[in-house]
Amino acid sequence: MTARVLKEVLPPLGFLIFVVLLFEAFLRFDHVPEYLVPRPSSVLKVFIEDTNELARAFYETSMAAGFGFVLSFVVGTMTAIVLSISPLIRRAILPYAIFFQTVPVIAIAPLLVIWFGFGMPTVIASAFIVSIFPIIASTLLGLQSTDPALIELFRLYSASPAKLLLKLKVPFALPQIFSGLRIAAGLAVIGAIVGEFIAGGGLGAVVDVARTQQRTDKVFAAVLLSAALGLIFVSAVNLCGWLALRRWHASVQARNL
Amino acid sequence: MAKVTLEKVAHGFPETGEVVSELDLTIESGEFISLLGPSGCGKSTLLRIIAGLLEPERGKIHVEVGDRKFFRGFVFQEAQLLPWRTVLENAALPLELIGRSRSEARAAAREVLAKVGLEDSLDKYPNQLSGGMKMRVSVARALVSEPSLLLLDEPFSALDELARDVLQEELRALWENLKMTVVFVTHSVAEAVFLSERTIVLTPRPARIVLDRPIELGQKRDASTRRDSRYWQLVSEVSERLRSARGSAL
């Protein structure tokens, strides 16, 4: 077990240390100005000196992205269920949903500020808007791809629509629902940070302020934290997916080997 | 047990045109009947009409049952198990769907799984089972509601020969013990003859009956039946008719 962990962890970790040291040496030797590319040691210094500020920003962004993600999970799943049940509603709404999806969130962020004001609600709305569409799309696809023979089986015993949904369609769609959630989790973090650029707060504001002060080292620190946050979100979804599917789904079992 | 009467039943699809045409058929209560025909001849459509999964465009279908609550069991071409449910949960599913309690459904499922020899695999998931075992679960699931009418749509066609022979013998034994009407769709003449009391040969699209042959091989059938000379005579006779039925349509 430990030997396997070492085998998995050591190569990427070693490579990381190698690249960081290489950067440090190159930037020092070549006298590249700090405001263009900060040395890794300066970024590390920011982490130590501004721990409280960065921790608070990290917390704010994770709360906003988390709320936005949960909201889009609930609303997106409900929407997909409604769309999967009624072909009429699906035909009426889906084209607009697809159109709306192509509107870049950065372009509507100022509008969100007008509607929700500066602060958390705008950031949550921004995270929600970018993460809901992949959830609707993949959940809908999953709900519509139920094996017709299994639907016949349920009809044979006159199963109620609720039983058909809960005992067949939703479990059948789970692998696809999780692949949508995985995409949405990463997007929620991106959406939150974009929202923070305009509405303030969190890592987005740290990046924005540090940029105006030419504190490239701080920008780097905040960017690294954003990436870490995205990774945590996606990993959390992966963990839930693994817990839900490990017993029976081939994609998960292949990864266990 | 159920008696099924079809009167001038006809059905078609937009893509294929008429697949069943003016078909009259009476299936006696407690009979084991096979519907035999080339692939795509409309026999699966006919089976779905009998199962009540498909409303025929024209004609009438009538199912007569005793005073008992009537259920149909259906076994599909592939096992069609729910991969997220264990063997026990899969077999219990029909009872859950008709509103029985979970514990009652599981007790009945345990009993029926023992009949198909799966009492040691209750907690396995379908992806841990062989093709033959999956099909056994599928048969158990169809039997758990104690159906008076059991319908099977080429259930063993994807299995290897040995597993197929064993499952045929088990199905035949189940029919002898459980007293139900069985309609078995297949494209294998040997399978139809071995299993059934009566074999119907259908023409390709639209399906019409060209042969309605009683199979007099006795009640008790097992591996030795396959070596019986009467069995071989019947297989070659039915094969001949199947070939000419097909020839006339091609």
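The points below take up a helix pair, the contact between the chains, and a sheet.

1. This is a predicted model, in which local features need pLDDT of at least 70 and side-chain atom pairs count only at pLDDT 80 or more, while totals for chains, interfaces and linings use all residues. Residues are numbered from 1 along each chain as its sequence is written, and chains are lettered from A and ligands numbered from 1 in the order in which they are written.

2. In chain A, helix H3 (residues 51–85) packs against helix H8 (residues 161–199) at about 145 degrees, with the axes 8 Å apart. Helices here are DSSP runs of H or I with at least four residues, strands are runs of E with at least two, and both are numbered from the N terminus; axes are lines fitted to C-alpha atoms, for helices over the stretch in contact, and angles run from 0 to 180 degrees between N-to-C directions.

3. Residues of H3(A) that meet H8(A) include Ala64(A), Gly68(A) and Phe73(A), and those on the H8(A) side include Ala188(A) and Glu196(A), where contact requires C-beta atoms, placed from the backbone, within 7 Å.

4. The contact between the chains takes 15 residues from chain A and 13 residues from chain B, and H7(A) gives the largest share of the chain A side, seven residues.

5. Chain B has an open sheet of three strands, ordered E2-E1-E4 with antiparallel pairing (a pair needs at least two DSSP bridges). Strands E2 (17–27) and E4 (58–65) of chain B are at the edges with a single partner strand each, so one side of each lacks a neighbour in the sheet. Seven bridges join E1(B) to E4(B), and Ala2(B) stands opposite Val65(B).

Notes:
Two residues are in contact if their C-beta atoms, placed from the backbone, lie within 7 Å.
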